[in-house]
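Trainee: I have a model open and would like to walk through it with you. Can we take the chains one by one and then the contact between them?

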Amino acid sequence: MSTVWIVVIVSGVGTLALKAAGPVLLGGKQFPDRLTGVIGLLGPALLAALVAIGTFADGQRLVLDGRVLGVGAAAAAIRFRAPVLVVVIVAAAVTATARVIAG
Amino acid sequence: MAETSGDRGFREGAVAVVPMAVAVFGFGLSYGVLARAAGMGGVAPVIMSITTFAGSAQFAAASVLQAGGAAATAALSALMLNARYLPIGVTVAPWLQGSIWSRLLHAHLTVDESWVIAAEGTGRWNPRVLLAAGMGIWIAWVLGTIGGVVFGDVIGDPARLGLDAAFPALFLALLVPQLRSTERTTRLAGFRIGAPPPTIAALLGAAIALALTPFTPAGVPIVAAGAACLIGLRRRP
């Protein structure tokens, strides 16, 4: 089998295992209250990490490039309660423009 | 975005997901283009979008393959980026009460976007909204991939279109509604901090992720950032 197909199969099976472990093993059981507070904070923590990595990381390096301007403009759009689609388009447009100007 | 109403259903989820599905379609296009350019052919990227169904992980695998990396390296980097789905799966687990097949389907359709749309606040998730939003994202992702594979030559380099900045912007838009809290201060290690717990968790998560990026393989910083939620342990003494 070719390298590509091995990657497709291993990654597909592995990802489903990661996603399904909780629902299949713990499905339908409620957690104690104390744990619910912790789990409610997992969203903000992971999303903020995805924002930070997506804005500043280039592989294992941290860089400042056009994405910073795009995400900054998106933050302003969110501040003015723009719909999600507008926020995303603003980010892409500002980043693309910054790249054109920077050459 | 709709705040916590316990009776949101499939319909509400399908409506809420539309703007994100448009962004994901664009992301799928760029994945299709890059995967094809990375030598994955035309069929494998589409099958991977149907089965693995996780954007960042698929991009990582394609870039490893393009650089001539081994199958094990490519698959491992994809799985490390997806490691966050283990804790994410645990958070939705209590709300999935159907058969094992129904739980597997919900688990497969759990991605960052559907997970956030289905969140009802204070650690509750809505399975109907999760299903609808997950299906919307999945369809957009698979169609986008097909489009990218087929029309790659016309589309060109996605970075030129600023699509790489669209995703942190999307996640920021998803993050902001999650920062609302009934608590104004956070108790941490005996101190009282003048910001609500979700804000502190977000700042801490971003700081952990950035601090680890230079020293760990991709994916690890995001999973480690999840540890920031542990500040919630001290919230109700």
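Mentor: Here is a short walk through the two chains, their interface and a few single residues.

Trainee: What should I know about the model and the numbering before we start?
Mentor: This is a predicted model, in which local features need pLDDT of at least 70, side-chain atom pairs count only at pLDDT 80 or more, and totals for chains, interfaces and linings use all residues. Residues are numbered from 1 along each chain as its sequence is written, while chains are lettered from A and ligands numbered from 1 in the order in which they are written.

Trainee: Chain A, then. How many helices and strands does the secondary structure of chain A come to?
Mentor: Five helices and two strands. Helices (H or I, at least four residues) and strands (E, at least two) are DSSP runs, numbered from the N terminus. Along the sequence of chain A the order is α-α-α-β-β-α-α.

Trainee: And what radius of gyration does chain A have?
Mentor: Chain A has 19 Å, but a compact globule of 103 residues would be near 13 Å. The radius is taken over C-alpha atoms, and the globule rule is 2.2 Å times the number of residues to the power 0.38. The C-alpha trace of chain A spans about 50 × 50 × 25 Å along its principal axes.

Trainee: How much of chain A is buried?
Mentor: Of its 103 residues, 48% are buried. A residue is buried if 20 or more other C-beta atoms lie within 10 Å of its own, exposed if 12 or fewer, and partly exposed in between, with C-beta atoms placed from the backbone.

Trainee: Now chain B. What does chain B have in helices and strands?
Mentor: Chain B has eleven helices and four strands. The C-alpha atoms of chain B fill a box of roughly 55 × 45 × 35 Å along the principal axes, and 55% of its residues count as buried.

Trainee: What share of the contacts in chain B join residues at least 24 apart?
Mentor: 65%, among contacts between residues at least 6 apart in sequence. Two residues are in contact if their C-beta atoms, placed from the backbone, lie within 7 Å. B:Val33 lies in helix 1 of chain B.

Trainee: Why does B:Val33 count as buried?
Mentor: Because B:Val33 has 24 C-beta neighbours inside 10 Å.

Trainee: On to the interface. How many residues of chain A are in contact with chain B?
Mentor: 69 residues of chain A, in contact with 90 residues of chain B. Helix 1 of chain A gives the largest share of the chain A side, 20 residues. That side divides into 44 nonpolar, 19 polar and six charged residues. Ala, Val, Leu, Ile, Met, Phe, Trp, Tyr, Cys and Pro count as nonpolar, Asp, Glu, Lys and Arg as charged, and the others, Gly among them, as polar.

Trainee: Which residues have the most contacts inside the largest nonpolar core?
Mentor: A:Ala45, A:Ala49, A:Ala91, B:Ala169 and B:Leu170, in a core of 109 residues. Such a core is a set of buried Ala, Val, Leu, Ile, Met, Phe, Trp, Tyr and Cys residues joined through C-beta atoms within 7 Å. Residues touched by A:Ala45 include B:Ala201, B:Leu204 and B:Cys229.

Trainee: Where do the buried residues of helix 2 of chain B pack?
Mentor: Against helix 1 of chain A, together with helix 1, helix 3 and helix 8 of chain B. Those buried residues are B:Ala44, B:Pro45, B:Val46, B:Met48 and B:Ser49.

Trainee: What follows helix 2 of chain B?
Mentor: B:Phe53, with a positive phi near 50°. B:Phe53 is in the loop between helix 2 and helix 3 of chain B, and it counts as buried because it has 23 C-beta neighbours inside 10 Å.

Trainee: And A:Arg81, buried or exposed?
Mentor: A:Arg81 counts as exposed, with 9 C-beta neighbours inside 10 Å. A:Arg81 sits in the loop between helix 4 and helix 5 of chain A and has a positive phi of about 60° although it is not a glycine.

Conventions
Lists of a residue's contacts leave out its neighbours within four places in sequence.
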